[in-house]
Amino acid sequence: MALLESSGLLAPRNIALLILAAAVAAIGGAYAYESLGYLPCELCYKERVPYYAAFALAPLAAFAAQTGRGGMARAAFLLMALLFVGNFILSIYHSGVEWKIFAGPSDCSGPLSTAPSVADFMKQLQSVKVVRCDEPNLWIFGLTLANWNVAISAVLASMALVGARRIRS
């Protein structure tokens, strides 16, 4: 810890930049997987929101911390922490949906009803989303992306809280 202190790595500006780098890597990775044909479900899209917010909030926190605007920096860090805690909870829910512990949203995990006619089937195809929230299509080292997002969101929320705490009043 002393080495991190002396290196300045734990300075609020650097913490904000690390959060930004993690957000860019996460969204970049998501788009890379999409380009390989792994399409996200509805919950996956919702889990991206805090990362997109970090694209604006992390540079704001870094700038504010660097220029002595402690209140603004603290607010940006706390908002990021809140968003990533919410994402942590959403990712736990999504993981539970994948493991069939929780019922998922009806538009991406409900039962597919049989259509009595071809016309009804065609109508159903227009309203049913193909990518299901309860059937993960990608596993990395034995975990789904929702499972990984639980850990990543917890780390980013913790980093944001540390950043907020390290702002000089």
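Trainee: At what angle do α4 and α5 pack?

Mentor: α4 and α5 pack at about 155°, and their axes are 8 Å apart. Axes here are lines fitted to C-alpha atoms, for helices over the stretch in contact, with angles running from 0 to 180 degrees between N-to-C directions. Helices are DSSP runs (H or I, at least four residues), numbered from the N terminus. This is a predicted model, in which local features need pLDDT of at least 70 and side-chain atom pairs count only at pLDDT 80 or more, while totals for chains, interfaces and linings use all residues. Residues are numbered from 1 along each chain as its sequence is written, and side-chain values use heavy atoms, with hydrogens and water left out.

Trainee: What is the handedness of the crossing of α4 and α5?

Mentor: The crossing of α4 and α5 is left-handed, that is, the near helix is turned anticlockwise from the far one by less than a right angle.

Trainee: Which residues make that contact?

Mentor: Among them are Leu-57, Leu-60 and Ala-64 of α4 and Met-72, Phe-77 and Leu-83 of α5, where contact means heavy atoms within 4.5 Å. By class, the contact of α4 with α5 has 18 nonpolar, two polar and no charged residues. Ala, Val, Leu, Ile, Met, Phe, Trp, Tyr, Cys and Pro count as nonpolar, Asp, Glu, Lys and Arg as charged, and the others, Gly among them, as polar.

Trainee: And α2 with α4: at what angle do their axes cross?

Mentor: The axes of α2 and α4 (residues 49-66) cross at roughly 160° and come within 8 Å. That makes α2 roughly antiparallel to α4, a label for angles over 145 degrees. α2 passes α4 in a left-handed crossing. Arg-13, Leu-20 and Tyr-31 of α2 are among the residues in this contact, as are Tyr-52, Phe-55 and Gln-66 of α4.

Trainee: Which residues of α2 and α5 meet?

Mentor: Pro-12, Ile-15, Ala-16 and Ile-19 in α2 meet Phe-77, Met-80 and Phe-84 in α5. The axes of α2 and α5 come within 12 Å and cross at roughly 35°.

Trainee: Now the pocket. What volume does the largest one have?

Mentor: The largest pocket has a volume of about 580 Å³. On a 1 Å grid over the protein atoms alone, a pocket is an open set of points where a 1.4 Å probe fits, with protein on both sides within 12 Å along at least five of seven lines; lining residues have an atom within 4 Å of a point. Grid points are joined across faces, edges and corners, and the volume is the space filled by probe spheres set on the points.

Trainee: Which element gives the most to its lining?

Mentor: α2 does, with seven residues.

Methods:
Helix = DSSP H or I, 4+ residues; strand = E, 2+ residues; numbered from the N terminus. Parallel < 35°, antiparallel > 145°, perpendicular 65-115°, else oblique.
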